[in-house]
Amino acid sequence: MVNTSVDLCGIRLDNPVIPASGTFGYGYEFAEYYDINILGTFSFKGTTPEARFGNPTPRIAECPGGMLNAVGLQNPGVEKVIAEELPKLRRVFHKPVMANISGFSVEDYVTSAARLDKEDCVGWLEINISCPNVHGGGMSFGTDPGAAAEVTRAVKAVTHKPVIVKLTPNVTDIVSIARACEEAGADGLSLINTLLGMRIDLRTRRPLLANTTGGLSGPAVFPVALRMVWQVSHAVHIPVVGLGGITTARDVLEMMMAGASAVEVGTANLISPTACRDIILDLPRVMKEYGIESLEELK
Amino acid sequence: MTQTILTITDNCLLAPGVFRMRLAGLRPEEVKPGQFVEVRVPGTFLRRPISVCDAEDGVLTLIYKAVGDGTRILAGMRPGETLDVLAGLGNGYDLTRAGTAPVLVGGGVGIPPLYYLAKELLRAEVTPRVLLGFNRSDEIFYEDEFAALGAAVTVVTLDGSAGEKGFVTEHLPADLTCFYACGPLPMLKALCRATDRPGQLSLEERMGCGFGACMGCSIQTAEGPKRVCKEGPVFEREVLGW
């Protein structure tokens, strides 16, 4: 029997597979397809203090090996998430869940973090300072080491739960951002969020996305994610959650060999609703194939 | 909703660029009129949402227009090849609101879901009248199939090359109790301007997943944000504020 369990900031996961925020809703859509308690955990849809509709449509475009999205953090706001979504989530998922938080100011992050800190079902807070699809917030915190550290410090001050800061790849030097978050008290890091991209419709000669630009995800970004996880995990002493284009159990192992303590799977969920379950069921077989008895030996 | 592998039994041209694909192997789970499927097309990344034209005896019928990369690949597929399909997506039409004289209004490739709807209405012993709108006579498909069901069919073409001339909105019967529609956005909006009767409209939007996870297809409605793939694709006109 191989051992697929891993530790993430002091909480044990049965396996390292975590559906990524924004691709898994609040879990219950997927519970129609399979028992989602097979998951390590999952990161629920990015939450802001106030409700947000997000960007106009089209919000989705396709490219070889991936897709672009410019959803723009649509969510019902933290109070509604707690009152309406988390009860539904708890009915279908019985493990600690990762709460993904986004914002447009330090206060926004603090507000949501303080509220979600009180929810027993929340195991970790994932602080998204990397959304490329909103203006005046999101990624602007993730592209400057000082701003990234400020958000991290402010959130840490209002929660006892582990804080994982989600980083953007759209920077010159991701290691400097990662180190700034670590020094500010982050318990872990997750990377990468999507890469900024765009497509143009040949017929209309206009951008395909109403937002003009969007975030690229899917297998196309996997090598970029892997490289950045390698760089960051060799530069910090806190756990790194690796994500970006993971589609198979082999991708999971590769990402963990690059230094990830756990992985998130995003876009694959949109193509096959059972993607994460299929990866988890396949993981022991692929571990055996490569002579891996425990995932923790890869660290 | 179910994920299933279906086998193509038939894939033929109905009108220029418009194809009908039949697939065998659909499980007996309910696929309701107005729902759609998401088809994984070999060689493309995202699935393609396609409305259900018919589902009977384990056979799924889809009608699609080859307009982009995905649908062009679909058009080249042959009987015996298989497709990975997510079935039973979206809400579908509400048949309980049909009343005694429902009218089904379809425009172009918006017509297919109305076929399954007409069939189910007739099964419930309600005879719908059907208005099919096309630009020109050579685009016409499924006129005979609707008639064979026992529905009263009126074809309307923009240039008058077949059937009635003009827009479908100019040929709405005065005594309709309710309308069910699918077609281009301008047609749907014009319909709502042309009649004050209750109506259900099937919308189209570019989708990511098709089952409510990615929020890629959200629209603003009178009742707040709705996902076309999950709370839709069929919306009551009041919900849209039309």
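The legends below describe close-up views of a predicted model.

**View 1. The interface between chain A and chain B.** The contact draws 33 residues from chain A and 30 residues from chain B. About 2,500 Å² is buried between the two chains, with carbon and sulfur atoms giving 60% of this area.

View 2. Four salt bridges are counted between chain A and chain B. One of them joins A:Glu32 to B:Lys230, whose closest N and O atoms lie 3.3 Å apart.

**View 3. The side of chain A that touches chain B.** At least two residues each come from helix H1 (28-31), strand S4 (60-63), strand S5 (66-69) and helix H9 (268-271) of chain A. S4(A) gives the most, with four residues. By class, this side of chain A has 15 nonpolar, 12 polar and six charged residues.

**View 4. The open sheet of chain A.** Seven strands with parallel pairing follow the order S3-S15-S14-S9-S8-S7-S6 in chain A. Strand S3 (17-19) and strand S6 (97-101) of chain A are at the edges and have a single partner strand each, so one side of each is left without a neighbour in the sheet. From one strand to the next, the twist averages 25°.

**View 5. Pairing of S8 and S9 in chain A.** Strand S8 (residues 163-166) and strand S9 (residues 188-191) of chain A run parallel and are joined by three bridges. A:Ile164 is placed opposite A:Gly188 of S9(A).

**View 6. Helix H10 of chain A against the sheet strands S3 and S15.** Helix H10 (residues 275-289) lies across S3 and strand S15 (262-265) of chain A. The helix runs at about 180° to S3(A).

Terms used:
Residues numbered from 1 in each chain as written. Chains lettered and ligands numbered in written order. Predicted model: local features only at pLDDT ≥ 70, side-chain atom pairs only at ≥ 80, totals over all residues. Heavy atoms only, no water. Contact = heavy atoms within 4.5 Å. Buried area = accessible area lost by both parts, 1.4 Å probe. Salt bridge = Lys/Arg side-chain N within 4 Å of Asp/Glu carboxyl O. Nonpolar A, V, L, I, M, F, W, Y, C, P; charged D, E, K, R; others polar. Pairing = 2+ DSSP bridges. Axes fitted to C-alpha atoms, helices over the stretch in contact; angles between N-to-C directions.
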